[in-house]
Amino acid sequence: MWRPPQRIRFAASAGRVPTAAEAAASRLFSPIDVGPVSLDQRTWVPAMVPWRATEEGYVTEEVIGWYERFARGMPGAIVVEATGIRDVPSGPLLRIGHDRFLPGLSRLVETVRRASEGRTRLFIQLIDFLAIRRRPDPKKFFERFLAITDRHRAALPGLSDADIRARLSAMGQDELAGALTAAEMEALQFGYRERVTDMQHAHIRELPQVLPGLFADAAVRAEQAGFDGVELHYAHAYTMASFLSRTNTRDDGYGGARENRLRLPLEVFTDVRRRVGKQLAVGCRFLADECIAGGSEVTDAMFFGAAFARAGMDFLSTSRGGKFDDAKQPPVGAAAYPYTGPSGYECMPQFISDERGPFGRNAEPTAMIRKAVRDAGSTVPVVCTGGIHNFEMAESYLARGICDIVGAARQSLADPDWFRKTLLGYGADVRVCEYTNYCEGLDQKHKSVTCQLWDKLPSGGNERRTSDGKRRLTAPLWQPPGQAPR
C-alpha cells in the first residue's frame, strides 16, 4: 500500500473509559430507527470481506463463525460483506445471484440472531463489479491476448500479424507507448479492466437496463433469507461508484453532469424499493470523496446524499477512496488492488501517516454530507466510519453532529466485544486496534482475514485456525466476569 512521505507515527488509545452508568446514558448506546428497523444502539460493524466463502460463493462454516463472533459482541447492526448480485464466478466471495444461495444465507441470519440474543440487526451489502484480469506475462500478452488491429498494421506496414506480434514484443516501453493505445498499454502493464465508459461493448452499454433488476432480485432474496436490510454498494472501485464518479463520461444520459451520473443509482434504488416489503431497510454506502485526480469530491457527495435522502433511502453510509485509478502496478500474474494507491490509503489509513493522522479522516466530509441531507429536509441517519476506535471518539462524533451512527471495521475486528465491554463497564479491557493494517495485507492477498492481536493472547486449544494452523480464524471469546460462557 502507498504510504504518505511524512512517515509520522501515531498510536491509537482507549481514550476516556466510561463507567457502565455513563455508557448506558450515552448517545452511542441509545436507540435509533433506520427506516423500518430499530437499532438498540448506534454501533455498526461495516462490511468486511474475510475471504471465507467457497469459490462458488456459498456460505461456509468459516463464514458462519466469522459473523457469529461479531454477533456475540451485540452491536446495533452488522453489515455482511460485499455479496455479488450476478450468478457468475467471482472467487471466494459470497453471492446472492441465485436461489441456491438462500439456505446458507438464511443460516447466517439465524446464527447472528441466536448469538446476539436477538439484539443485533443484520444487513447485507449488495455489489456489482466489472471484469478485471491479472497482469499478463508480456510474452503471452503479445502472442495470445493482444488483438491486432488496422492501427497496428498501419504502424508496422508490410508485416504479417504474427510478425507484428513479434515486433511489438521486442519493443521497449517508449516505443510501445507510440504503438499501442492507452487501453492496450494498461492491459499490458496492469491487466485488462472494464470501465462503465467502455461503450464499444454491448454489455457495458446495457448496464442501465440490466442492473436495476439484478439488484432488485438480490434484495428480494435477502428479504427471503431474513435479513433486516440491504446496503447498496455505491462506493470504492465498483460499478455503481463508477457511475457516480466525475470520470464517468458516458453520453447516453447516464454520465457527465451530476444529475446524469446519479440517474442509475436512483433507478436501482427505486426498483429495489418497489420489489421488497416495507419492513426491509434499504440504504447505500457511497464515497464522501474519491480522492483521485479528476474524481468526485465532497461537493458531489453532498449533492448525492441529499438526492438519496429525498428518494427515500433509509440510511446513508460514507466511505472514501479505494479506487483502481491510482492503484500500484501489480506483479505479473496478480490483479490490480484498489487499496494500494493514495486513494486506497484514504480508505484504510494506518498508524504511519501525514500531519492529519490516520484517525477520523472521513469525519469532516461526512459532517458536510449530513448537513446537506438535513438542509434538504431529511432526518435519514448517516453512518460514519474511518479510524474510530474508542468510546470517547465515537461519542464525540454523535455529539458534534458528524453522524447518527458510528461504524468501526478494524476496531471491531481487533475486538468484536468492544461495544459490549464498554456498555457493561469493562472498557478498560478493550483491545485497541494498532492500525498496522495487517488485516489489509491479508485481504490484498485474498487470504483469510484475521487480526494479529488475536494470536498474542493465550490459546484455548479448540479455536478454528487457518489452513496452515498458524492463525486464529476468529477472535478469542470473552465473557463478563462472573458469567458462564455462552
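Analyst: Strands E5 and E6 pair in the parallel sense over six bridges; two strands count as paired if DSSP finds at least two bridges between them. One of these bridges joins Ile 78 to its partner in E6, Leu 122. Helices (H or I, at least four residues) and strands (E, at least two) are DSSP runs, numbered from the N terminus. The model is a predicted one, in which local features need pLDDT of at least 70 and side-chain atom pairs count only at pLDDT 80 or more, while totals for chains, interfaces and linings use all residues. Residues are numbered from 1 along each chain as its sequence is written, and side-chain values use heavy atoms, with hydrogens and water left out.

E6 is mostly covered, seven of its seven residues being buried. Here buried means under 20% relative accessible area, exposed means over 50%, and partly exposed lies in between, for a 1.4 Å probe and protein chains only. In a regular strand the side chains alternate between the two faces of the sheet. In E6, Arg 121, Phe 123, Gln 125 and Ile 127 point one way, Leu 122, Ile 124 and Leu 126 point the other way, and all are buried.

Rings of Phe, Tyr and Trp (its six-membered ring) pair if their centres lie within 6.5 Å; planes under 30 degrees apart count as stacked, over 60 as edge-to-face and the rest as tilted. By this rule the structure has 15 aromatic pairs. In one of them, the rings of Phe 29 and Phe 391 are stacked, because their centres are 6.5 Å apart and their planes stand at 5°. Phe 29 belongs to the loop between helix H1 (20-24) and strand E2 (32-34) and Phe 391 to helix H16 (residues 391-399), so this pair ties together parts 362 residues apart in sequence. Phe 29 is buried at 9% relative accessibility, and Phe 391 is buried at 7%.

The ring of Phe 123 itself pairs with that of Trp 44 in a tilted arrangement, at 5.2 Å centre to centre and with 40° between the planes. This pair too links distant parts of the chain, since Trp 44 sits in strand E4 (residues 43-45) and Phe 123 in strand E6 (residues 121-127), 79 residues apart. Trp 44 has a relative accessible area of 0% and is buried; Phe 123 is likewise buried, with a value of 0%. Ring pairs join Trp 44, Phe 123 and Phe 315 into a cluster.

The largest one has 100 residues, of which Leu 126, Leu 232, Tyr 234 and Phe 308 touch the most other members. H10 gives the most to this core, with nine residues. Beyond its neighbours within four places in sequence, Phe 308 is in contact (heavy atoms within 4.5 Å) with residues including Tyr 234, Leu 244, Leu 262, Phe 286 and Leu 316.

A salt bridge is a side-chain nitrogen of Lys or Arg within 4 Å of a carboxyl oxygen of Asp or Glu, and the structure holds 41 of them. Asp 99 and Arg 221 form one, with the closest N and O atoms 2.9 Å apart. Asp 99 lies in the loop between strand E5 (77-84) and helix H3 (102-115), while Arg 221 lies in helix H10 (residues 207-225), 122 residues away. Asp 99 is partly exposed, with a relative accessible area of 46%, whereas Arg 221 is buried at 14%. Elsewhere, salt bridges link Arg 246, Arg 258, Arg 261, Glu 297 and Asp 300 into a network.

Conventions. Core = buried A, V, L, I, M, F, W, Y, C linked by side-chain atoms within 4.5 Å.
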